[in-house]
Amino acid sequence: MGLVLDFATTTAILFIVTSGLMMIFGVMQIVNFAHGAILAIGGYVAFVITRVGIPSLYGCFFAFIAGFLVGALIERFVVRPLYRRPLDAILATWGLGIVIIQVIVMIFGRGVQLVESPLQGTWNILGTEYSSYRIIMIPVALCIGGVIIALLNGTRFGIKTRAVIMNENLAESLGINSGMIRFISFSIGAGLGTMAGFFITPLSSVDPYMGVAWLTNAFMLVMVSGHSFLALAGACLVFGSIQVLVSIYVNPVLGGMAISVLAAATLRIRPKGFSHD
Amino acid sequence: MKATALEVENMTCGYGNAMILRDLSMKIISGESVSVLGKNGMGKSTLLKAIMGFLPKARGSVRLFGFDTTRTRPHNIARHGIAYAAQEQPLFTDLTVRNNLEIALKHPETFDQLFRPITHLFPVFANRLDQPAGTLSGGEQKMLLVARCLMLRPSFIMLDEITEGLQPLVIDNIAEALKWERESHGTTMLIIEQNIQFALKVTDRFQIMSKGALVDSGCCDEDGASEKILRHLSV
Amino acid sequence: MKAARIFIAVAAAAVSASSFAGDTIKIGVPVGLSGVHSVLAPSEIQSAKLAATEINAKGGILGKKIEVVVADDGSGAVGAQKAFDSLIFDKKVDAIISSETSAARNAALPIVSRGKIPYIYATYYEGHSCNKWMYMNGWVPEQLSSAMVGYLNKTYKARKFFLIGSDYVFGRGVLKFTRDFIEKAGFEVVGDEYLPLDASDWTPIISKVRDAKPDAIISCTSAGVPNVTLGKQLKSSGLKLPYGNLALDESTAKSMGADADGVVIAGTYMTSLDTPENKKFLAAMKEQFKDKYQTPNEHSVPIYDGFYSYKAACEKAGTTDPKAVVKALGEVEITGPRGVIKMDPHNRHADLNMYLAQVQPDGSVKVVDSVMGLKPGDQCQF
Amino acid sequence: MTKSKISTQIPMLLCLILVVAGPFAFDTYMVNTLIKAFFFAVAAITVDLLWGYTGYLTFGQSAFFGAGAYCAGLVFTHLGFSSEYALLAGVLSVVIPGLLALFVGWLSFYHGAAPFFSCVISLVVPIVVYQLVLSGGNFTGSSSGLTGFETFDFEIESWYWIAGAIMLVAAIATDIFVKSDAGKILVAIRDNEQRCEYLGLNTYVIKTLLLGVCGALAGFAGFSYGAFSGVVAPELTGFSFGTEMIIWVALSGRGTLWGPVIGTVLITVISSYLSNSIPFVWQLILGIGFVSVIVFLPKGLLPYVIRPLSRKSSLDAPIKLEEAKIQDSSVSGHAIVMDHVTKSYGSLDVLKNITLTGDPGDLIGIIGPNGAGKTTLMRCMGDGEHRTGGSVEICGRDLGKKHPEEVVRLGLGRKFQNANIFQTLSVSECLRIARTIRERPSLVRTSKVLALPAYVLDVMKVTGIDKKLGTAAKDLSHGEQQALELSMVLALEPKVVLLDEPTAGLTLSERRSIGAIFSALAHKYRFCCLLVEHDLEFVKEIATKIVVLYHGTILMQGDVDEVVNSKLVQDIYTGTKSSARNSEAEK
């Protein structure tokens, strides 16, 4: 049972962390290497919010808003000139990640901050005591996934976004401002990133580099998933479970690179990865 | 005197530094319907793409309803009331028929009202709104394309080889729809065609394009129009 | 051309910076401003600054004021090399007193040998590191593991232990010694697992602990992030086992609060020690740093002691000449917050008092046991 | 003096002075820092070769550098230090990273691999190596790395000169290589990999070999670094270090060799001073600088520093054109035979049962409306993997599943629709690369003579590009670019030439002269030309035979008059055909 919960919670956490990156990559084929720094921003939002005493339930909205604003700035000043140079966009966003991290260091210092988990203790799931916060991540991931799918499929913005993804020229000729769609998607993606940072902090601690460790795994998962959020969920489940298995039965260090290696192998064999089309 | 809908002056443009159109000028009066005819690869589609803002212009200018749109981006040109049906990949095949029709509307809530006339012109869509556009037959897709253009209540419609590969019946249906549109709304049209009969039926005058330039023109109802065109198109 | 000008400017700056030599004694304090040790860096710097202020207020060393030069070692080997290079060859410090990771110390030793200056390594470590310029005033596993294992067995009747560590010199070194000690004592080690220094997800290891069903857990992670994340995740995993943490300090425990409740820690220094030296030390700390005051700990107090040992050695030798000071360091004895510190001239390590304490639900620490004057065992021979 | 010479000589001289004079001018700390900087600079050179010159963005060079460093650390720690072991470690540090790099190259570069994919692999490599080092326990020292091993006992000055010499040798050797005729191939791959393939260059083998060499070089730099510093830590293998190398190269100027060398040294030195006094601000400045350079000055800073010095740029010594001896060019039998060739995407047939033959001296016009499958037909001739059925023979040899670069060696040349050339290379360099399969280019020299077949010289003369040998291809007019591409294709000495809409976008007079060239190629030089063209009048004048393609099938083929006068073709061209035909298809 413990193993099943490990699978489920690892999948959920991976999905939460990757969804923002996916949003951006899906819409504009740009990889946001500042994602690690954006996760850290979320962590510091959590830190500030618990200090100020705002209930952490509202905190995730603040985190989202903070990320949304940062994302908007990044898109406007750094990413927009680089749409036609996707490899340079990787580099520029990575450089930006360094900048954001240093700004965090200057404000909060280099040290580790601790954030109280809003949910202490354990729950008993079918006879296994398991961290309640990790379990809560499962509905959180489902919520985020649900909201994204509803947003993309059920709203006018979502349809326009999908239109831009499918055929940008056609969308433009129908009066859809693809630049604006990208701007908003990037901002939402960054917002999802900070929200993810907010959610993972109680599991670890807050420090300026907290997001970097997640970056490459998130990147590889997005690469194998193509455009589809369902494929992303699938990739998180499969690779997350393998990571858990390798970590427990072989070696936690090898588990740490399981996702990268398997994703790279998947791409070599099937360049389209998990996506159907 | 009627207002000018489209005015292209000495436009030179192309892909990269390969110039497809050279020093091209044309003018369409509001309410007019004009066809551009010519053989393959002569730059007809390029002309529409250039007007729509997809190609940078090396020289010259484009004005739509008095606005200079030489450097305007496509989505802003679309907002000047231009409906454009491209030749390649003109529909979102993964979206439903309804989404395809609705997506460009300024006020989606007016969908039902705008859709009513369409059901008369193309009855086939009445109960197939929720079907993905990609599952329609080739002819139905072209009709959907025309329907989308009409639903925008545009002031200017541009169609790129709308009859390509269609059955005569469908072609007639489309021609009827375009005629109805002109009669009821007086919409200006610019139509790229290979099908001479269709072009003569739905437009007032024609222009012949060859190697990136307009080389001849005429009125569609003049005697011998068809022969004049054939002379240019045959070899 | 512009590049050339910049280059010349930089080169010139380098030359001019290095040609400074004042009437002060410079003491280099490399700390982990970044990386895993960044939690500890503020308290270490405060200790050094307090010692310098106190010594300067009483006329300095041999009439010269001392100046603390801090450098970032990035908590690792590569950063430590940069920091030591910079301190010794650029800043030209007279001595180095530091509390760093073992990797940093090992990487720095060749540079210390080249720089030929006294080096006091002022924290606990895995033992058996020797250099003729270096002295140690923190604990080694010989002193600590025996105290911890003995206490867990005595109090919780623990006979099956699970060991968890960060995968680095110190973690592996201490736990290897602990394992040998446990097995020699006739108890059992049911598992030992390591995660890389920068890892923060302990889920797989906690799963293994759950399967191995030990009586007690002993961990020796790096101080800082791994310690905190392991504590948090163990707490939220629902495993309710006696837990001895060999690398947890009081201030970290305090910030972890309830997450550290019940954890047994061991060390040579606890803030609650009831000695006049400690009370005076704590009062001076609060006086000097006011609201920025950081809880002193097993890393910072030895630095404070190290400054006094260095002062005593200089005064005994009557010079700051490195060779003479190194010789004198093995001969002087000081009394600091941790009690009497006398480093052996041959063994290079010190006899120490060990205290065992338990973290309370509010994060405070209560001393539950103590062992006085524990010997460091055979470490070095000079 | 020429631009390229100034931009090389000044930095080279600076480096030379720095290396010779360093120990006399600087204090120990600076010397220490510079030694490390020199080793880093060698690694940066490899990044520049791969990314700046060849266009392969790699995060992975740190893995090879680190692997080399661990060769030193592991051998000296576990076996001990002696001159034999030092030699062993040195050899291992070249061989192991080199082999690793070849393996990574095999993974990253294959026919049809997207550049993005190669970049992703390069990201995974350092992660894997890093994790392997971490999981090595006491063997690799895990997180702590290996320290305190015995190593070469040199004085610091000696280390300085050794490190400087290694850097200079690496930089000068690389400089010679990238300026040589063979080195230009790297830029060609960066500019246009597809064109390279269709010039018979096996780009993925070239890239894999290059990565192997760069891996070995980075490994040796790592070995030297490890041996000097006495510390080998996992950070040296990691992804962050890999990106740091990219930052050095990007800031100073990718593709400028000496830029990254100087940039690496400068940045390492400055950070060694500033990272102690203002560590966070320095990182911030570096980050902001990096982002700005990527966004605003993708070429990096060096070109802007050097530019004012080289205002009076003139051409290198002029290249002399010469006539090359053509190898036996007689083809017995058909030049090209297509037998029941089919191409389908899923259930959609783009080409159905195409059967046609072409002989030397034929100029076959392929006409048909948009979407008839003309370009697909060309692709099926040029790339053995493209067709889904049927067979193709070129000069009597079966096409099989051959990739373009092998097909080219069978005797096929393909000119694309858009001028498909190497934008940043000069006309003569483009042509020399086109000659690679005929004349092996030198790895060290730049040849002053360019030997081309007579008909290429003809084409160049007629179109005037023989006067523009030193001009960068991107500065040519569209017509000249088309002429250049045609010359490049012909320089392969092909037997079958595919020409895809070669007149698109040309002016009337350009069309006329190019028409004359095609006729001459077919009739005088006995090529078999296949010409896809919309302009029927143009085709009519020069073709010997016309094939009408319609909805993926050959509707008609025959003499020019026969085809042009047929009712069928008239119908297609006047649009009356399309409706009739398709209504059948829809039923």
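What average pLDDT does chain D have, and what share of its residues score at least 70? Chain D averages 84, and 92% of the residues reach at least 70, where pLDDT is the predictor's confidence in each residue, from 0 to 100. This is a predicted model, so to speak of local features a pLDDT of at least 70 is needed, and side-chain atom pairs count only at 80 or more, while totals for chains, interfaces and linings use all residues. Residues are numbered from 1 along each chain as its sequence is written, with chains lettered from A and ligands numbered from 1 in the order in which they are written. For the complex, the predictor gives an ipTM of 0.81 and a pTM of 0.86.

Two stretches of chain D deserve a word of caution. Over residues 311–315 of chain D the pLDDT stays under 50, and the model has four contacts there beyond four places in sequence; a contact is a pair of C-beta atoms, placed from the backbone, within 7 Å. Residues 578–587 of chain D also stay under 50, with 14 such contacts. Where pLDDT is low, the predicted coordinates should not be read in detail.

Now to strand E11(D), residues 496–500. Helices (H or I, at least four residues) and strands (E, at least two) are DSSP runs, numbered from the N terminus. Five of the five residues of E11(D) are buried, so the strand is largely enclosed by the rest of the structure. Here buried means 20 or more other C-beta atoms within 10 Å of a residue's own, exposed means 12 or fewer, and partly exposed lies in between, with C-beta atoms placed from the backbone. Val496(D), Leu498(D) and Asp500(D) cover one side, and Val497(D) and Leu499(D) the other. Strands pair if DSSP finds at least two bridges between them. E11(D) runs parallel to E9(D), residues 412–415, through four bridges, with Arg414(D) partnering Leu498(D). Five bridges join E11(D) to E12(D), residues 528–532, again in parallel, and here Leu498(D) partners Leu530(D). The chain gets from E11(D) to E12(D) through helix H20(D), residues 508–523, in a right-handed β-α-β crossover (clockwise from the first strand over the helix to the second, with the strands pointing away from the viewer).

Cys529(D) touches Val497(D) and Leu499(D), and its other contacts include Phe518(D) and Leu521(D), leaving out residues up to four places away in sequence. Cys529(D) is also among the residues with the most contacts inside the largest nonpolar core, which has 493 residues. Such a core is a set of buried Ala, Val, Leu, Ile, Met, Phe, Trp, Tyr and Cys residues joined through C-beta atoms within 7 Å. Its largest share, 19 residues, comes from helix H2(D), residues 28–53.

Chain B holds eight helices and ten strands, and 48% of its 235 residues count as buried. Its C-alpha trace spans about 45 × 40 × 40 Å along the principal axes.

Most residues other than glycine have a negative phi. Lys157(C) has a positive one of about 55°, in the loop between H5(C) and E6(C). Lys290(C) has about 45° and is exposed, with 8 other C-beta atoms within 10 Å.
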